[in-house]
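Thank you all for making time this morning. Please have a look at the chain before I go through a few of its local features.

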Amino acid sequence: MKKSFTVIWIFGFLFFSPLMLIGQEEEKAVGETAKKEKKVDINILPVIATNPTVGVLFGVLPGVNWNMGTEADTRNSTALIGIYYTTLNQLFTSVRANAFTKEDKFNLLTDIRFNLNAQPTYGLGSVLDKSTLVGGGDVPSDNPYPPFQKQEMMSFNNFRLYQTVQKRHKQTNLFYGIGYHLDIFWNIDDKQLDLDSDPQRITHHYRYQSLKGISTEKYSQSGLSANATFDSRDNVVNPYVGQLAAISLRAFPEFLGSTTNASQLWMEYRTYVNLDKDRARNVLAFWTFGWFVTSGTSPYLALPAIGWDMFARSGRPYTQGRIRGEDIVYAETEWRFPLQREKNKWGGVLFVNTTTASSRTEDISLARNFVFGYGGGLRFMINEKKRVNLGLDYGFGANGAQGLFLNLNEYF
């Protein structure tokens with residue numbers, strides 16, 4: 001294990017070191033005087049939230065926005081650093097960044113996490129009305145009050161290191177490159193599992209892992225990816241126009257440290273339509289992605305699931321991992337609009353999303369069932385030049401799901 005963590009931190013240092021460039025400042029002449037143009041903006045957001053699997057969550061979310069070149073030739077970069085603790089003794093830490101080097105020559109995507117996590121094993125497929133136990137009669141509520149009891153949880157530790165480096169193709173909006181993806185899950189304690197009781201209490205996690213012949217206590221995925229992205233968005237954190245199309249084919253062979261041989265495919269598309277030529281902030285935004293296990297077997301917690309995308313933005317108002325499967329398709333539409341006649345400080349949003357997931361093990365097909373979420377919220381633009389928003393949303397969903405969400409930047 002010591003050797004594994006040494007390798008992890010070496011990778012982390014080598015991959016993340018290009019972002020150290022954010023500390024630069026440049027001199028900019030204005031008339032006969034010169035002033036320093038601030039190249040790095042840091043906003044620290046206190047966070048409090050609640051959902052069934054964490055109880056009450058509190059922490060801080062520093063957001064960093066910077067530019068490695070000039071506004072004229074280089075896109076702005078963004079990073080979110082999360083540190084959270086919950087009343088159910090969970091710890092979540094993360095560094096997630098989307099960075100562009102000078103003149104957009106390279107695009108660097110970084111996702112690093114260390115979590116002391118816990119959540120029930122809901123099972124696979126987009127079916128909410130089933131027990132957290134195989135064949136159980138109790139259907140868990142998704143209402144955040146009251147939270148799940150500790151004995152219903154499956155606790156686990158998780159370390160993630162995802163790093164993708166993509167090169168820009170000439171002076172176009174096309175980027176292509178390779179990535180490394182590592183997920184380690186250990187100290188898995190399936191608290192509901194009881195093989196000595198009569199009848200036995202079998203969790204969905206235990207059944208899946210046993211059927212696939214994989215350890216129920218620890219496992220990992222480690223592999224390389226081939227990636228291509230078309231990105232014509234006018235702003236990374238808060239687009240008004242443009243499109244994003246991305247594809248990532250990931251191979252997780254055993255010889256790179258994976259518990260099982262597997263491959264996964266990620267496909268994503270976003271587009272932004274302006275609804276009023278006189279108000280750029282009046283936007284209809286669309287986001288969809290498909291995430292599929294294309295060969296082999298991925299361990300249970302490494303299967304596609306809502307809330308496990310890079311910035312953990314999918315699935316409002318459901319808790320992370322609530323919908324999981326060997327295949328998952330997600331779609332969301334959000335209307336973003338100003339609340340002031342001429343100024344852009346205050347805005348609002350209305351959103352609706354849907355998710356469908358499969359379970360090949362249980363013969364639950366994709367598109368057999370769709371789970372919906374919807375809601376709205378307020379936006380306050382704390383940096384108009386870089387369009388950095390502070391957002392406060394409330395969402396509702398099936399089975400009593402609801403939640404309050406405080407965030408920096410737009411959700412997609």
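Is Asp 104 buried or exposed? Asp 104 is buried, because its relative accessible area is 4%, where buried means under 20% relative accessible area, exposed means over 50%, and partly exposed lies in between, with a 1.4 Å probe and protein chains only. What we are looking at is a predicted model, in which local features need pLDDT of at least 70 and side-chain atom pairs count only at pLDDT 80 or more, while totals for chains, interfaces and linings use all residues. Residues are numbered from 1 along each chain as its sequence is written, and side-chain values use heavy atoms, with hydrogens and water left out.

Let me stay with the backbone for a moment. Asp 104 lies in the loop between strand S6 (91–100) and strand S7 (106–119), and its phi is near 60°, a positive value in a residue other than glycine; helices (H or I, at least four residues) and strands (E, at least two) are DSSP runs, numbered from the N terminus. Arg 387, which is not a glycine either, has a positive phi of about 60°, and this residue is in the loop between S16 and S17. Arg 387 is buried, with a relative accessible area of 16%, and it lies over the face of Tyr 240, at 3.8 Å from the ring centre. A charge sits over a ring if NZ of Lys or CZ of Arg is within 6 Å of the ring centre and within 35 degrees of the ring normal.

Another arginine brings us to the cis peptide bonds. The charged end of Arg 316 sits over the ring of Phe 351, 3.8 Å from its centre, and the peptide bond from Arg 316 to Pro 317 is cis, with omega near 5°. Pro 317 belongs to the loop between strand S13 (283–296) and strand S14 (327–338). A cis peptide bond also joins Asp 198 and Pro 199, with omega about 5°, and Pro 199 is in the loop between strand S9 (174–190) and helix H2 (204–212).

Now to the aromatic rings. The structure holds 17 aromatic pairs, where rings of Phe, Tyr and Trp (its six-membered ring) pair if their centres lie within 6.5 Å, and planes under 30 degrees apart count as stacked, over 60 as edge-to-face and the rest as tilted. One of them is the edge-to-face pair of Tyr 208 and Tyr 300, at 5.8 Å centre to centre and with 65° between the planes. This pair links distant parts of the chain, since Tyr 208 is in helix H2 and Tyr 300 in the loop between S13 and S14, 92 residues apart. Both Tyr 208 and Tyr 300 are buried. Trp 346 and Phe 380, by contrast, form a tilted pair, 4.9 Å centre to centre with 55° between the planes. Trp 346 lies in strand S15 (residues 346–357) and Phe 380 in strand S16, so this pair ties together parts that are 34 residues apart in sequence. Trp 346 is partly exposed, with a relative accessible area of 39%, and Phe 380 also counts as partly exposed, at 26%. Elsewhere, ring pairs link Trp 266, Trp 287, Phe 289, Trp 291, Tyr 330 and Phe 412 into a cluster.

I will finish with Phe 372, a residue of strand S16, which counts as partly exposed because its relative accessibility is 48%.
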